[in-house]
Amino acid sequence: MTKIKAIVFDLGNVLIPFDYNIIINKLDLIEEGLGKRFYNLYQVNYHLHRAYEKFAISTDEFLSEMLEFTEHKIDSETFCKIYSEIFTINENLTALLPILKKNYKLVLLSNTNYIHQKYGYGHYKFFENFDKLILSHEVKAVKPEPEIYNSVMAYTCLKPEEHIFIDDVQEYVDGAKNMGWNAIRFISNMLLEKELKKYQILF
């Protein structure tokens, strides 16, 4: 087995679980049914979410569409806050980061957007454990596109097989494997720790 030298973590629903029901409930407090109407439009028009993650559309363009979906019942600043207050921290997993950092390069690889970074999770202290953040809106590519995995390797300068990737989405795990990486689908902290022990990353 090739020695792992870089551990690459996904962000959402791995290190920071999120729940869109929080948005729905907050919008429903503004007007009954607004949250559900917003979320239905958001899902139907998911291409806008994905385009914004790649920064193929600007923040202003994205916000213009989102305010339409909220029927202009809130302003941009309020939307950004409501849209971003959906995250919690997986404390047990983030507690492992300082331990892993002693022996491995740590890279964060996330499909994300500027609003969530600025208003949601950007201030979290555990990011200090990462050597590099590869964020889709900054590199203008999203998982499972090869370009975003290549952005990681351009930073690490390591062989593909020297990386291990942890993500909750099977499609993105498969994308990493297609690049020659080792990869684990995240299901729970307990199962992840078992998998890391198999790779002799944890003992």
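Analyst: Begin with a term: contact means heavy atoms within 4.5 Å. The model here is predicted. By that cut-off, the buried residues of α10 pack against the strands β1 (6–9), β2 (105–110), β3 (132–135) and β4 (163–167), and against the helices α9 (136–139) and α11 (170–178).

User: Which are the buried residues of helix α10?

Analyst: In α10, residues 146–156, they are Ile-148, Tyr-149, Val-152, Met-153 and Thr-156. Their arc around the axis is only 145°, which puts them on the same side of α10.

User: What comes just after α10?

Analyst: Cys-157 follows, with a positive phi of about 60°.

User: In what order do the strands form the sheet, and is the pairing parallel or antiparallel?

Analyst: The order is β3-β2-β1-β4-β5, an open sheet of 5 strands with parallel pairing. At the edges are β3 and β5 (182–185); each has a single partner strand, so one side of each lacks a neighbour in the sheet. From one strand to the next, the twist averages 20°.

User: How many bridges join β1 to β4?

Analyst: There are 4 bridges between these parallel strands. Val-8 stands opposite Phe-165 in β4.

User: Which strands does α10 touch as it packs on the sheet, and what angle does its direction make with that of β2?

Analyst: α10 touches β1, β2, β3 and β4, and its direction makes about 160° with that of β2.

Conventions. Residues are numbered from 1 along each chain as its sequence is written. This is a predicted model: local features need pLDDT of at least 70, side-chain atom pairs count only at pLDDT 80 or more; totals for chains, interfaces and linings use all residues. Side-chain values use heavy atoms; hydrogens and water are left out. Buried means under 20% relative accessible area, exposed over 50%, partly exposed in between (1.4 Å probe, protein chains only). Helices (H or I, at least four residues) and strands (E, at least two) are DSSP runs, numbered from the N terminus. The arc is that of the directions from the helix axis to the C-beta atoms. Two strands pair if DSSP finds at least two bridges between them. Axes are lines fitted to C-alpha atoms, for helices over the stretch in contact, and angles run from 0 to 180 degrees between N-to-C directions.
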